[in-house]
Amino acid sequence: MTTGEVKLIGAWASPFVMRPRIALNLKSVPYEFLQETFGSKSELLLKSNPAHKKIPVLLHADKPVCESNIIVEYIDETWSSSGPSVLPSHPYDRAMARFWAAYIDEKWFVSLRSFPKAQGEEETKAALAQLEEANAILEKAFIDCSKGKPFFNGDNIGYLDIALGCFLGWLRVTELTGGHKLLDEAKTPSLSKWAERFCNDPAVKPVMPETAKLAEFAKKIFAKPHA
Amino acid sequence: MASGEVKLIGSWASVFVMRARIALHLKFISYEFLQETYGSKSELLLKSNPVHKKMPVLIHSDKPVCESNIIVQYIDDVWNSSGPSILPSHPYDRAIARFWAAYIDDKWFISLRSILTAQGEEETKAFIAQVEERTELLEKAFIDCSKGKLFFNGDHIGYLDIALGSFLGWLRVVELDANHKFLDETKTPSLTKWAERFCNDPAVKPIMPEITKLAEFARKLFPKPQG
């Protein structure tokens, strides 16, 4: 089940691609990283994910697995005897981790992404308020899930840490370009400390993009049209 | 882990609630069905799912689990020695089942629902074409997943059968409203036969709502503009 070549189609800047990379690192699984060129989609990507044509795609013994959180679960189940467990062991904790991961993608990330798109003071204020509300919810979720330990998943990083932590680079870029602190030690003390621990984890550090490089890339993809 | 009172907050007409109910039936779990009144949300619902304020919510020994597909996985995890396995046993098949379940909710259902809220003939036609295209993908997915057997999950209904099958009542309502058949013996022969088998499954039959009752409810939810 664990035999077979592992390849990952992705891009260095994508938070969704970072998720399986962290999971593969946690399980010490070697893989070939096939980087997509920004602005075009490779034949392999289109063939491997015809339904969505999106990265990441994990190829294990040439069989494609798509959707970042689904790939992370697949990695955890396939390499179950390698490294720590990525999903929590108790069914209730697993349900909670999946719930919050879905919330992060459907609500929190949508709030984060709308922040740089906001036009003018009113819209910016509203976007910021929405994100702060979502952060407050996640701050509480962290306290509930971590039960006093360093990560959402307890002693080691896991599914939910990965689901949120992959966005920390982009969060930092949004803070710099918008001039607003979005993860605040005063408002979200637990999350702020968790963020630092997450970024320093050996499975994360090698794949977390440098903020300056990401900011430059952001300028390119969110280039404002000339008046 | 399997002990403790089970309650389900839901409603007879909800696709998402049906998923949880089918899973509970497959595992022979007795539960108290707490029906919400259309147009209002109970205190218990608001307290149990403060983030989304939506049903279904499974309450197991007073601990809430939210989000239909997450609830189904939780039921399968907790009552794993009861009844057949809901998720496939092989990690790759599990990843594929999760992928298509996500596709059904994120793409297929969104198009289907858009038909009911479409303004004018042009828009309706466009959404019908989109549903046709997406249903064709699901026909192929069925052939790939079932591997010649009766259900997406093989010999017994499982996670992906439940994810799609729970929509069959509403699909019929939309077909009647749009005067267009999506599940068709010529276009989607495998899915059409599967749909009949699914609806006749003993875990499904008692809770699949009657089409006329559902159509009447749909008229209330999606009233057609006058004149």
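**Two interfaces in a predicted model**

Inside chain A, domain 1 and domain 2 bury about 1800 Å² between them. Carbon and sulfur atoms give 72% of that area. Buried area here is the accessible area (1.4 Å probe) that two parts lose on being put together, summed over both. This is a predicted model, in which local features need pLDDT of at least 70, side-chain atom pairs count only at pLDDT 80 or more, and totals for chains, interfaces and linings use all residues. Residues are numbered from 1 along each chain as its sequence is written, chains are lettered from A and ligands numbered from 1 in the order in which they are written, and side-chain values use heavy atoms, with hydrogens and water left out.

Start with the two domains. Domain 1 of chain A covers 6–78, and domain 2 covers 91–219. These bounds come from an automatic or database domain assignment. Domain 1 of chain A gives 15 residues to the contact, and domain 2 of chain A gives 21. Contact means heavy atoms within 4.5 Å. The C-alpha centres of the two domains of chain A lie 22 Å apart. Which residues of domain 1 of chain A lose the most area to domain 2? They are W12(A), M18(A) and R19(A), which together make up 33% of what that side buries.

A salt bridge is a side-chain nitrogen of Lys or Arg within 4 Å of a carboxyl oxygen of Asp or Glu. The rule finds two salt bridges across this domain interface of chain A. It also finds five residue pairs in polar contact there, both residues at pLDDT 80 or more. A polar contact is a pair of N or O atoms within 3.5 Å; within protein, one must be able to donate a hydrogen and the other to accept it, and residues adjacent in sequence count only if both atoms are side-chain atoms.

Now look at the elements on the domain 1 side. Both α1 (15–26) and α3 (68–78) of chain A give two or more residues to it. Helices (H or I, at least four residues) and strands (E, at least two) are DSSP runs, numbered from the N terminus. α1(A) gives the most, with nine residues. By class, this side of domain 1 of chain A has 10 nonpolar, two polar and three charged residues. Ala, Val, Leu, Ile, Met, Phe, Trp, Tyr, Cys and Pro count as nonpolar, Asp, Glu, Lys and Arg as charged, and the others, Gly among them, as polar.

Next comes the interface between the chains. Chain B gives 25 residues to the contact and chain A gives 27. The area buried between them is about 2300 Å², with 70% from carbon and sulfur atoms. Y92(B), R98(B) and F99(B) supply 25% of what chain B buries against chain A, more than any other three residues.

The rule finds five salt bridges across this interface of chain B and chain A. In one of the salt bridges, R98(B) pairs with E77(A), the closest N and O atoms being 3.1 Å apart. On the chain B side, β4 (63–66), α3 (68–78) and α4 (91–117) each supply at least two residues. The largest share, nine residues, comes from α4(B). This side of chain B divides into 15 nonpolar, four polar and six charged residues.

Over all chains, the structure holds 21 salt bridges. R98(B) lies in helix α4 of chain B and E77(A) in helix α3 of chain A, so this pair joins two chains.
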